[in-house]
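Visitor: Please show me the model, and then let us go through the terms used for it.

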Amino acid sequence: MKQSLEDVLDTRQKKLAFFQNVMLIAAADKYLDQGEGDLLLFIGNKLELTPDDVSPIIDNLPVLSFIIPDDGLQKTLELQALVQMMTQDGQVHDKEYILCLDYANRIGYSKEILDDMIDQFTNVHQR
């Protein structure tokens, strides 16, 4: 049975940590385009986060860093979401890539695995 992100992010704390990680990638290039903004809204709504939930993350973004989950499946799903956010605007910006690579390394994934994920997402976007 394939678990969804909602199944894995089963606590408010996990949801907020996930949203923070995605937000860090979205803001890495200091510009939030329409697609990235829409994806953040979609994620926030899907996780049932309120503006009050996410405003402390947005307000403190410059001093925040990744929160690495303990669960293996959550790590993988989260990396996929980070790659989706990074490729959302059709480009892979250096700062976004460096952050994703840092996250991948911290969860035990190689650059090659990250690059494969990026290839999968960018091929999907180009169809």
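Guide: The second largest pocket is lined by 13 residues, and Phe 19, Leu 40, Leu 41, Gly 44 and Val 54 are those nearest its centre. Helix 2 (12-26), helix 3 and helix 4 (51-60) are the elements that give two or more residues to this lining. Bear in mind that the model is predicted.

Visitor: What makes a residue part of the lining of a pocket?

Guide: A lining residue has an atom within 4 Å of a point of the pocket. For the second largest pocket, 13 residues line it, and its space is about 180 Å³. Helix 3 gives the most to this lining, with five residues.

Visitor: How do the residues of that lining divide into nonpolar, polar and charged?

Guide: Nine are nonpolar, four are polar and none is charged.

Visitor: What is the volume of the largest pocket, and which residues lie nearest its centre?

Guide: The volume of the largest pocket is about 270 Å³. Its lining has 15 residues, with Leu 5, Phe 18, Leu 77, Ala 81 and Gln 84 nearest the centre. At least two lining residues come from each of helix 1 (5-8), helix 3 (34-46) and helix 5 (72-87). Helix 5 has the largest share, five residues. By class, the lining holds 10 nonpolar, three polar and two charged residues.

Visitor: Why is Glu 96 called buried?

Guide: Buried means under 20% relative accessible area. Glu 96 has 0% relative accessibility, so Glu 96 counts as buried. This residue is found in helix 6.

Visitor: Which residues does Glu 96 touch, apart from those up to four places away in sequence?

Guide: Glu 96 touches Ile 25, Ala 26, Ala 28, Asp 29, Glu 36, Met 86 and Gln 91. Ala 27 lies 69 residues from Glu 96 in sequence, with 8.3 Å between their C-alpha atoms.

Visitor: With which residues is Leu 114 in contact, leaving aside neighbours within four places in sequence?

Guide: Leu 114 is in contact with Leu 79, Val 83, Tyr 97, Cys 100, Leu 101 and Ala 104.

Technical notes:
Residues are numbered from 1 along each chain as its sequence is written. This is a predicted model: local features need pLDDT of at least 70, side-chain atom pairs count only at pLDDT 80 or more; totals for chains, interfaces and linings use all residues. Side-chain values use heavy atoms; hydrogens and water are left out. On a 1 Å grid over the protein atoms alone, a cavity is a set of points where a 1.4 Å probe fits but cannot get out, and a pocket is an open set with protein on both sides within 12 Å along at least five of seven lines; lining residues have an atom within 4 Å of a point. Grid points are joined across faces, edges and corners, and a volume is the space filled by probe spheres set on the points. Helices (H or I, at least four residues) and strands (E, at least two) are DSSP runs, numbered from the N terminus. Ala, Val, Leu, Ile, Met, Phe, Trp, Tyr, Cys and Pro count as nonpolar, Asp, Glu, Lys and Arg as charged, and the others, Gly among them, as polar. Contact means heavy atoms within 4.5 Å. Buried means under 20% relative accessible area, exposed over 50%, partly exposed in between (1.4 Å probe, protein chains only).
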